[in-house]
Amino acid sequence: MSSHNVSASLTLHSDSQAATQRIGAAIGRVVNAGQVIALRGELGAGKTTLVQGIAAGMGVEARVTSPTFILVNEYTATEGRRLVHIDAYRLAEDATLADAATFGLADLLVEAGMDGVNVVAIEWAERVATLLPDDILTIAITPCADDPDARTLQLTATGAHSAAIIAQLAP
Ligand SMILES: Nc1ncnc2c1ncn2[C@@H]1O[C@H](COP(=O)(O)OP(=O)(O)O)[C@@H](O)[C@H]1O
Ligand SMILES: [Mg+2]
């Protein structure tokens with residue numbers, strides 16, 4: 001079976017910033033180098049919060065901050081891995097390859113799949129959808145109307161590596 005036929009999904013609920021960080025940490029503990037994680041959700045949904053958890057789970061000791069105005073931050077993690085944290089917010093919704101190339105996104109994504117080192121987490125991933133590989137873990141974070149601290153996290157895997165993460169998270 002080709003990886004295109006492997007898919008999985010999981011819906012998780014978070015009732016606090018700390019709970020979202022715990023979900024991220026669970027992902028960070030099992031993620032392998034080469035994985036691309038696409039984060040969707042409006043401003044303030046909790047994308048950066050989730051990446052802080054992923055970083056903690058990967059053993060990153062540095063403080064993870066929003067790369068909105070820097071576009072790319074890189075962190076050294078354990079087991080020879082690096083976490084590359086990208087925010088595509090400032091890219092136009094119809095971002096061209098040329099736009100993304102200004103900060104090397106295309107190259108970063110190719111490296112992610114080839115060098116066996118980088119885990120890539122991308123906020124506003126929908127803005128660079130055409131650059132993403134087939135096997136990605138997409139996490140859409142949605143606020144809940146009735147509780148300002150509640151979020152729904154919808155995880156969707158589109159390949160074997162992403163599906164393996166979901167399998168390890170599922171209760
Ligand atoms: N359950 C939750 N998960 C994540 N963030 C939450 C939650 N509840 C409240 N928040 C707040 O929402 C904000 C999320 O900010 P941030 O992670 O920077 O969002 P984004 O990167 O999506 O713009 C923070 O101020 C955080 O304290
Ligand atoms: Mg953010």
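This is a predicted model: local features need pLDDT of at least 70, side-chain atom pairs count only at pLDDT 80 or more; totals for chains, interfaces and linings use all residues.
Student: Where is Glu 79 found?

Tutor: Glu 79 lies in the loop between S3 and strand S4 (82–87). S3 and S4 form a hairpin with five residues between the strands.

Student: What is the phi of Glu 79?

Tutor: Most residues other than glycine have a negative phi. Glu 79 is not a glycine, yet its phi is positive, about 55°.

Student: Which loop holds Trp 124, and what is its phi?

Tutor: Trp 124 sits in the loop between strand S5 (118–123) and S6. Its phi is also a positive value, near 60°, in a residue other than glycine.

Student: Is Trp 124 buried or exposed?

Tutor: The cut-off for a buried residue is 20 or more other C-beta atoms within 10 Å. Trp 124 has 22 of them, so it is buried. For the chain as a whole, buried residues make up 40% of the 171 residues.

Student: How many helices and strands does the chain have?

Tutor: The chain has five helices and seven strands. Along the sequence they follow the pattern β-α-β-α-β-β-α-α-β-β-β-α.

Student: In what order do the seven strands stand in the sheet?

Tutor: Strands of a sheet pair through backbone hydrogen bonds, either parallel or antiparallel. Here the seven strands form an open sheet with mixed pairing, and the order across it is S1-S7-S6-S2-S5-S4-S3. Strand S1 (8–14) and strand S3 (72–76) are at the edges; each has a single partner strand, so one side of each lacks a neighbour in the sheet. From one strand to the next, the twist averages 15°.

Student: Which way do S3 and S4 run, and how many bridges join them?

Tutor: S3 and S4 run antiparallel and are joined by five bridges. In one of these pairs, Thr 76 has Arg 82 in S4 as its bridge partner.

Student: In what sense do S4 and S5 pair?

Tutor: That pairing is parallel and extends over six bridges. Leu 83 has Val 119 in S5 as its bridge partner. Five of the six residues of S4 are buried, which means that this strand is largely enclosed by the rest of the structure.

Student: How is S6 paired with S2 and with S7?

Tutor: Take the two sides in turn. Strand S2 (residues 36–40) runs parallel to S6, with five bridges between them, and Val 36 stands opposite Ile 136 in S6. On the other pairing, strand S6 (residues 136–144) and strand S7 (residues 147–157) are antiparallel over eight bridges. There, Thr 142 has Thr 152 in S7 as its bridge partner, and Ala 140 stands opposite Gln 154 in S7. The hairpin joining S6 to S7 passes through two residues.

Student: Which strands does helix H1 touch?

Tutor: Helix H1 (residues 17–30) packs on the sheet and touches S1 and S7. The direction of H1 makes about 150° with that of S1.

Student: Which residues of the largest nonpolar core touch the most other members?

Tutor: In soluble globular proteins, nonpolar side chains tend to be buried together. The largest nonpolar core in this model has 39 residues, and Leu 83, Val 120, Ala 121 and Ile 122 touch the most other members. Leaving aside residues up to four places away in sequence, Ala 121 touches Ile 37, Leu 39, Val 51, Ile 54, Leu 83 and His 85.

Student: What share of the contacts joins residues 24 or more positions apart?

Tutor: Among contacts in the chain with a separation of 6 or more, such pairs account for 69%.

Student: Which residues come nearest to ligand 1?

Tutor: There are 17 residues around ligand 1, and Thr 20, Gly 46, Lys 47, Thr 48 and Thr 49 come nearest. H1, helix H2 (47–57) and S7 each supply at least two residues of this shell.

Student: How many residues of the shell are nonpolar, polar and charged?

Tutor: The shell around ligand 1 has three nonpolar, 10 polar and four charged residues.

Conventions
Residues are numbered from 1 along each chain as its sequence is written. Chains are lettered from A and ligands numbered from 1 in the order in which they are written. Two strands pair if DSSP finds at least two bridges between them. Helices (H or I, at least four residues) and strands (E, at least two) are DSSP runs, numbered from the N terminus. Axes are lines fitted to C-alpha atoms, for helices over the stretch in contact, and angles run from 0 to 180 degrees between N-to-C directions. Two residues are in contact if their C-beta atoms, placed from the backbone, lie within 7 Å. A residue is near a molecule or strand if its C-beta atom, placed from the backbone, lies within 6 Å of it. Ala, Val, Leu, Ile, Met, Phe, Trp, Tyr, Cys and Pro count as nonpolar, Asp, Glu, Lys and Arg as charged, and the others, Gly among them, as polar. A nonpolar core is a set of buried Ala, Val, Leu, Ile, Met, Phe, Trp, Tyr and Cys residues joined through C-beta atoms within 7 Å. A residue is buried if 20 or more other C-beta atoms lie within 10 Å of its own, exposed if 12 or fewer, and partly exposed in between; C-beta atoms are placed from the backbone.
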